Amino acid sequence: MRKNFGAKPCCYPEPVFIIATYDENGNPDAMNAAWGGIADDKLINICLSPEHKTVKNLLKSGAFTVSMATEMYVAECDYVGIVSGNDVHDKFQRAGFHEIKSEFVNAPLIQELPMALECKVISYNSDTCQLLGEIINVSADESVLNEKGKVDPSKLKPIIYDSFNHKYIGLGNIVGDAFCEGNKIKNK
């Protein structure tokens, strides 16, 4: 038997994205967002309400970065989600983050978070809170790469958000090979 929860914004996995921007004075800002995902080969869609300082910044600058929150920086990533940049103007620094200027867009990379999407704003709808961004570049620190030069999730240690229980969860073990496991059924 199933339990019905009604219409709620709950699904698994929900990534924990840290959105970073520059304000009009070149000061970095960051916020935590869990409602988002890849929308196309080079597009990302994120739900962000218009009152966020980060939204105001990205609409002015036309750019933002999306870093993957990690196990090592859970407290810092949560902090930038519970404190508003409208009230705490140096929350990026208070979180202990250090900026690296992106080579591709006018937005900061967060040194402590080793993987990020560097994006250009395509559109923002304040009624639906939908931000659509074009992924210009994906960058990752060499410390999270495997021997083939690809991102290794076991080194990155990204976290997901559990919206039912309000917890952050680390990723588990590999359970199969994508585009291969189904062949066990297909080839019967």
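C129 counts as buried, since its relative accessibility is 16%; buried means under 20% relative accessible area, exposed over 50% and partly exposed in between, with a 1.4 Å probe and protein chains only. I am working on a predicted model, in which local features need pLDDT of at least 70 and side-chain atom pairs count only at pLDDT 80 or more, while totals for chains, interfaces and linings use all residues. I number residues from 1 along each chain as its sequence is written, and side-chain values use heavy atoms, with hydrogens and water left out.

**Entry 1**

I started with C129 for its backbone: phi is positive, about 65°, although the residue is not a glycine. I placed C129 in the loop between β9 and β10. Helices (H or I, at least four residues) and strands (E, at least two) are DSSP runs numbered from the N terminus.

I then looked up H166, another non-glycine residue with a positive phi, near 55°. Is H166 buried or exposed? H166 is exposed, at a relative accessible area of 60%. H166 lies in the loop between β11 (159-162) and β12 (167-170).

For reference, most residues other than glycine have a negative phi, and most peptide bonds are trans. I found a cis bond between Y12 and P13, with omega about -15°. P13 belongs to the segment before β1 (14-15).

**Entry 1: the chain as a whole**

I counted elements next: the chain has 5 helices and 12 strands. The chain is as compact as a globular protein of its length, because its radius of gyration is 17 Å, close to the 16 Å that the globule rule gives for 188 residues. That radius is taken over C-alpha atoms, and the rule is 2.2 Å times the number of residues to the power 0.38. Along the principal axes, the C-alpha atoms fill a box of roughly 60 × 45 × 30 Å.

I noted that 39% of the 188 residues count as buried. The chain exposes about 11400 Å², of which carbon and sulfur atoms supply 52%; areas come from the Shrake-Rupley method with a 1.4 Å probe, and for residues only the protein chains shown count as cover. Of the contacts with a separation of 6 or more, 57% are between residues 24 or more positions apart, where contact means heavy atoms within 4.5 Å.

**Entry 2: the sheet of 7 strands**

I traced an open sheet of 7 strands in the order β3-β2-β6-β9-β10-β5-β4, with antiparallel pairing. Two strands pair if DSSP finds at least two bridges between them. From one strand to the next the twist averages 35°.

Inside this sheet I checked β2 (residues 17-22) against β6 (residues 63-68): the two pair in the antiparallel sense over 4 bridges. I19 stands opposite V66 in β6.

Helix α1 (residues 53-61) packs on the sheet, touching β2, β3, β6, β9 (115-125) and β10 (130-140), and its direction makes about 55° with that of β2. Angles run from 0 to 180 degrees between N-to-C directions, and axes are lines fitted to C-alpha atoms, for helices over the stretch in contact. Which residues of α1 are buried? They are K53, T54, V55, N57 and L58. The buried residues of α1 pack against β2, β3, β6, β9 and β10. Just after α1, I found G62 with a positive phi of about 75°.

Helix α2 (residues 74-82) lies across β2 and β3, running at about 95° to β3.

**Entry 3: the cores**

The largest nonpolar core has 22 residues, and I19, I44, I46, L48, F64, V66 and L117 touch the most other members. A nonpolar core is a set of buried Ala, Val, Leu, Ile, Met, Phe, Trp, Tyr and Cys residues joined through side-chain atoms within 4.5 Å. The elements that give two or more residues to this core are β2, β3, β5 (43-47), α1, β6, β9 and β10. Which element gives the most? It is β9, with 5 residues. I also logged a second, separate core of 15 residues, including V80, F92, F97 and Y161.

I counted 2 bridges between the antiparallel β1 and β11. E14 stands opposite Y161 in β11.
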